[in-house]
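Here is a protein chain to look at with care, one question at a time. Each answer sets a value beside the rule that gives the feature its name.

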Amino acid sequence: MSVSAKQVDGEYFKANVVQKYTDIVGEKLGGKVLAFSDEWFAAAENLIKPKEPIRDATRFVYSGAWYDGWETRRHNTEECDWVIFQMGVSSAQLVGCEVDTAFFNGNHAPFISVEAANVSSDSDYRNAEWETIIPKFECGPSQKHFFVRDQITEKTYTHVKLNMYPDGGIARFRLYGKVVPIIPQDLSIQLDTASAIQGGVCIAVSDQHFGSADNLLLPGRGHDMSDGWETKRSRGENHIDWAIIRLGHKTNIKKVTVDTAHFRGNFPQYVKVEAIDSDVDPLVDDSKWETIVDKSKTSGDLEHDYTVTNDKSYTHIKLIMIPDGGVKRVRAWGTLTN
């Protein structure tokens with residue numbers, strides 16, 4: 001079966017993929033490398049590191065020049081080199097990818113393709129029936145490439161295979177899709193439906209100068225300020241920063257948690273949380289936003305829990321920082337609405 005996909009520019013990819021879907025193989029969400037054909041010059045695990053790649057032309061290691069990415073030997077006798085990833089989520093439908101060959105010039109991957117499979121355990125990838133997600137595309141040196149399918153996959157997948165023809169180097173790989181979480185049979189169980197694991201997506205943000213707002217939805221409390229959401233310092237009066245999150249399910253929210261872990265001198269002075277029930281992704285100034293957490297004083301390096309007293313169900317929440325600062329995580333705890 002032929003697969004239809006196209007190469008797009010970065011602006012299109014950000015608006016139509018990054019702000020609507022989740023990078024389901026990223027290390028920060030729990031994605032990991034299971035196997036690879038070769039990683040002689042640079043490790044495959046670098047592909048899914050959250051930070052942008054760097055270069056130190058003066059640094060050499062036993063295998064040769066040091067690269068912040070995945071690089072294989074020359075003269076591959078097979079059709080391609082490959083890496084197999086386990087997703088950081090239970091499963092996902094797939095829509096597009098970013099392949100960054102930053103600093104690989106003269107040793108970059110000439111072509112790539114992406115395949116996926118649905119397997120019950122990590123060891124089953126050896127016998128998996130791999131299906132093409134992104135067909136073979138040409139890549140250039142030291143640049144970002146964005147590839148998007150004409151339609152999101154109907155099937156869900158658990159594992160991914162990045163192919164590089166015939167060998168060479170790639171700095172970073174991002175694969176985006178719609179998370180398909182495991183829904184408990186007991187619908188009285190409260191879940192954090194803002195979590196990326198449950199399908200939550202940060203669809204819009206006022207500013208993310210120091211830290212990306214999608215970090216708000218990661219599991220755990222992180223390891224330092226780099227894996228939280230942090231905005232630049234505001235200088236005007238009445239300033240606020242905000243992030244809008246599409247919940248993974250329509251939710252009867254019972255509690256909101258705002259965690260300022262590791263933000264000790266740059267946490268927001270106050271926070272406020274609003275929510276909305278909408279069939280489409282709302283604008284920041286939509287008149288239907290309702291306050292579910294009133295303006296509340298915050299402290300540094302602390303989980304703040306706020307009880308939601310109404311009995312309504314919502315599809316989106318908006319976290320507001322007053323006036324600016326950093327928040328590590330936001331949680332929307334509640335029961336799923338049928």
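Q: Leaving aside its neighbours within four places in sequence, which residues is Trp130 in contact with?
A: In this predicted model, Trp130 is in contact with Ile84, Glu115, Ala116, Ala117, Tyr125, His159, Val160 and Lys161, once its neighbours within four places in sequence are left aside. The residue itself lies in the loop between β9 and β10 (131–138).

Q: What makes Lys28 and Asp214 a salt bridge?
A: The rule asks for a side-chain nitrogen of Lys or Arg within 4 Å of a carboxyl oxygen of Asp or Glu. The side chains of Lys28 and Asp214 meet at 3.2 Å, N to O, and because the cut-off is 4 Å, the pair is called a salt bridge. Side chains of opposite charge can pair when their charged atoms come close.

Q: Where do domain 1 and domain 2 lie along the protein chain?
A: The domain assignment gives domain 1 as 5–180 and domain 2 as 190–336. Their C-alpha centres lie 30 Å apart.

Q: How do you know that domain 1 and domain 2 touch, and how many residues are in contact?
A: Contact is counted when heavy atoms are within 4.5 Å, and by that rule 10 residues of domain 1 are in contact with 13 residues of domain 2. The area buried between the two domains is about 880 Å², with carbon and sulfur atoms giving 55% of it. On the side of domain 1, the residues that lose the most area to domain 2 are Gln19, Lys28 and Leu29, which together make up 52% of what that side buries.

Q: How many salt bridges and how many residue pairs in polar contact does the rule find across the interface of domain 1 and domain 2?
A: Across this interface the rule finds one salt bridge, and it also finds three residue pairs in polar contact. The residues of domain 1 that touch domain 2 divide into four nonpolar, three polar and three charged.

Q: Why is the pair of Trp40 and Tyr62 called edge-to-face?
A: The structure holds six aromatic pairs. The rings of Trp40 and Tyr62 have their centres 6.5 Å apart and their planes at 65 degrees, and because planes over 60 degrees apart count as edge-to-face, the pair takes that name. Trp40 is in the loop between β3 (32–36) and β4 (60–61), while Tyr62 is in the loop between β4 and β5 (64–65), 22 residues apart.

Q: What is the peptide bond from Tyr165 to Pro166 called, and what is its omega?
A: This peptide bond is cis, with omega near -15 degrees, and Pro166 has its place in the loop between β12 (159–165) and β13 (169–170). The peptide bond from Ile322 to Pro323 is also cis, with omega near -5 degrees.

Conventions:
Residues are numbered from 1 along each chain as its sequence is written. This is a predicted model: local features need pLDDT of at least 70, side-chain atom pairs count only at pLDDT 80 or more; totals for chains, interfaces and linings use all residues. Side-chain values use heavy atoms; hydrogens and water are left out. Domain bounds come from an automatic or database domain assignment. Buried area is the accessible area (1.4 Å probe) that two parts lose on being put together, summed over both. A polar contact is a pair of N or O atoms within 3.5 Å; within protein, one must be able to donate a hydrogen and the other to accept it, and residues adjacent in sequence count only if both atoms are side-chain atoms. Ala, Val, Leu, Ile, Met, Phe, Trp, Tyr, Cys and Pro count as nonpolar, Asp, Glu, Lys and Arg as charged, and the others, Gly among them, as polar. Rings of Phe, Tyr and Trp (its six-membered ring) pair if their centres lie within 6.5 Å; planes under 30 degrees apart count as stacked, over 60 as edge-to-face and the rest as tilted. Helices (H or I, at least four residues) and strands (E, at least two) are DSSP runs, numbered from the N terminus.
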